Amino acid sequence: TYIFRLPLHYYLKNNPAENIRPRIVDCMVRFCEPWLLEIDSDRRTPLHNALLLLLLPLKETTARSKSKVQHASYVVEKLLSGPGCNALQIKDAAGNLPIHIATTLGA
């Protein structure tokens, strides 16, 4: 399904990594699990967007703080909960699975 402005997509795409709050992601996931598999205009799921948003700053710095890594891990874990695990099989418009994004960014 093509839905561009779901709150979860919007939240992940319009906040810098340090402003993403795991409790807000958790609340959105609990409120509407089907959002975990919805795609945006780039055919990305929330998992694709979270990986891009959260891993890019970690790749660009040499000093990875433990709290930033834990923060990214918690958000990704929430996005993989329930039906979210099926997002691992969804390719974006460029043909990338979430694992391609994660490995490209050094996860």
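How much accessible surface does the protein have, and what share of that surface belongs to carbon and sulfur atoms? The accessible surface comes to about 6200 Å², with 56% belonging to carbon and sulfur atoms; areas are from the Shrake-Rupley method with a 1.4 Å probe, and for residues only the protein chains shown count as cover. This is a predicted model, in which local features need pLDDT of at least 70 and side-chain atom pairs count only at pLDDT 80 or more, while totals for chains, interfaces and linings use all residues. Residues are numbered from 1 along each chain as its sequence is written, and side-chain values use heavy atoms, leaving out hydrogens and water.

View 1. Helices (H or I, at least four residues) and strands (E, at least two) are DSSP runs, numbered from the N terminus. The elements run α-α-α-α-α from the N terminus on. The C-alpha trace spans about 40 × 30 × 25 Å along its principal axes. Of the 107 residues, 38% are buried, that is, under 20% relative accessible area, where over 50% is exposed and in between is partly exposed (1.4 Å probe, protein chains only).

**View 2. The largest nonpolar core has 26 residues.** Such a core is a set of buried Ala, Val, Leu, Ile, Met, Phe, Trp, Tyr and Cys residues joined through side-chain atoms within 4.5 Å. Those with the most contacts inside this core are Leu-8, Leu-12, Ile-20, Val-25, Leu-51, Val-75 and Leu-79. At least two core residues come from each of H1 (7-13), H2 (22-31), H3 (46-59), H4 (66-79) and H5 (98-104). H3 gives the most, with 7 residues.

**View 3. Helix H3 is largely enclosed by the rest of the structure, because 10 of its 14 residues are buried.** Among these buried residues are Pro-46, His-48, Asn-49 and Leu-51. Their cover includes H1, H4 and H5. Take a look at Leu-51: leaving aside neighbours within four places in sequence, Leu-51 is in contact (heavy atoms within 4.5 Å) with Leu-56, Val-76, Pro-98, Ile-101, Ala-102 and Leu-105.

**View 4. Thr-45 sits in the loop between H2 and H3.** With 0% relative accessibility, Thr-45 counts as buried. The side chains of Thr-45 and His-48 are joined by a polar contact of 2.9 Å. Here a polar contact is a pair of N or O atoms within 3.5 Å; within protein, one must be able to donate a hydrogen and the other to accept it, and residues adjacent in sequence count only if both atoms are side-chain atoms. Leaving aside neighbours within four places in sequence, Thr-45 also has contacts that include His-9, Leu-36, Ala-87 and Ile-90.
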